[in-house]
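Open the structure in your viewer and keep the selection tool at hand. This tour goes stop by stop.

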Amino acid sequence: MKQLFFFFFVVVTGWSVISCDHTCPVQRAADAISAEPPRPAGQTDVIGLQCAPIPVVRAAFIGIGQRGFGAIERFIVLENVEVKAICDLEQPNIDRTQAMLKRNGRPAADAYTGVEDWKKVCERNDIDIVYINTHWDLHAPICIYAMEQGKHAVTEIPLALTMEECWNVINTAERTRRHCIMMENVCYGDFQLNTLNMAQKGLFGEIVHVEAAYIHDLRVDYMFLDRTFDEKTGNPRGYWNFWRLRHNTERNGCLYPMHGLGPVAQVLDINRGDKMNMLVAMGSDQFNMTAYAKKKFGENSPQAKQEYKKGDMTNLLIKTAKGKTILIQHDVVSPRPRSSAPYKISGTLGFAQRSPTMLAFEPNAHNSLSNEEIQAMLEEYKHPILKDIGEQAQRIGGHGGIDFVEVYRLVYCLQKGLPLDIDVYDGVSWSSVIPLSEFSIKHGCIPVKIPDFTRGGWQKRKGNQFAF
């Protein structure tokens, strides 16, 4: 009888939590974080935004330590581009960038090193785009300020860290009519682009479920590493001021979902006929940061005694308006091989997986095609972008060429006055799952609504198409 009573108590109390009405404090907080503020009067969306062509794209780069330096290297390979200004707090980064520009026959860029100098850069009247490669906390503030100064904003991932930043970025882009793009390089991977092409041609049927992940152990070579510069190359090691370690220390959520979420969102036509409706996030406890700190610094070291809030593995499950599901995993502290796998597309007629590579189709979907058949299909359905620039991307490199493709496509669209491949709604919606996942985990892995950042505009477009 006691067991029966206990079961009844759990069911009833559990149901009361699940069905918590809008007077419940947790539900009020959930309503607040997912709120969709009305569009300001006189403001319209920037879906399919086309701006005047820019024959010569003049750029300023803010943050040129690791990602920023590589971005400049790939940018100057292109024709009709100029690097007008560079901004970084560390003089060695300025020096090696100026040396690289000189080696490539480019004039020296104006250099800025002050903490607030990024504002001066944005205020210049001789630049078209501000390309941001700083630590995460400055991405949204610089994007907003750059657009307010009439510049197109280009940023590394993520675009925003809080829901307030998400809406401020959206409203600024709509008010200023400037581009704001988050540079998600994995969207340009060979397998991702080719299977996107296959999906758009109906080979997988109706896409029902997709999966992706970011698995990369950052403890050894990044998070705990002191910031130093190689004496010969000048290349920096470690994160400036341990900024990424700080995020893993202070926060618990899916902190870096975009490498996985971006490509699968394009397959599902998110913001282009479908939208992400709700999410649930669940994470393991934290084990590996402490274990590594004890081994490297000692049992009684400050690093070993530090509380690290971020759980080792975070699982993020999203459901869309059309009933599709997305599974995203994030783990940057476990001793396992680096991988963006699993990258999976599951439809009513077929299936694709990146690693190990598989393609399977009805009526024999229990078995993958042979390696020879897979390569033949991927070649047959090679995406137009890869046909256009794939070989050059392989030569220039940057994560196998994807870093070059994303810069090439940015400049291509700006020079021709075309809509960008990834718009502000994509960047914001993909980034919004960071704070929303934190909220879900904090409150017992509850479902959380994902706001419609397009304010209904997702229904205006049908399908994800790149402009040419």
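A polar contact is a pair of N or O atoms within 3.5 Å; within protein, one must be able to donate a hydrogen and the other to accept it. Keep that in mind for the opening stop. Note also that this is a predicted model.

**Stop 1: T290**

Select T290, which lies in helix 12, residues 288-297. Now show side chains. The side chain of T290 makes a polar contact with the side chain of Q286, at 2.9 Å. Is T290 buried or exposed? T290 is buried, since its relative accessible area is 18% and the cut-off for buried is under 20%.

**Stop 2**

Switch to a cartoon view.

**Stop 3**

Select residues 344-347 for strand 13 and 350-353 for strand 14. The two pair in the antiparallel sense over three bridges. Pick S346 and find its bridge partner in strand 14, F351.

Now move on to strand 15. Strand 14 pairs with strand 15 in the antiparallel sense, over four bridges. Here G350 has F361 as its bridge partner in strand 15. A hairpin of four residues joins strand 14 to strand 15.

In general, strands of a sheet pair through backbone hydrogen bonds, either parallel or antiparallel.

**Stop 2: K462**

Jump to K462, in the segment after strand 16. Is K462 buried or exposed? K462 is exposed, with a relative accessible area of 65%. The cut-off for exposed is over 50%. The side chain of K462 reaches the backbone oxygen of Q459 at 3.5 Å.

Finish by selecting D274 together with K462. How many residues apart in sequence are K462 and D274? They are 188 residues apart in sequence, and 8.6 Å apart in space, C-alpha to C-alpha.

Methods. Residues numbered from 1 in each chain as written. Predicted model: local features only at pLDDT ≥ 70, side-chain atom pairs only at ≥ 80, totals over all residues. Heavy atoms only, no water. Pairing = 2+ DSSP bridges. Buried < 20%, exposed > 50% of the residue type's maximum accessible area, 1.4 Å probe, protein only.
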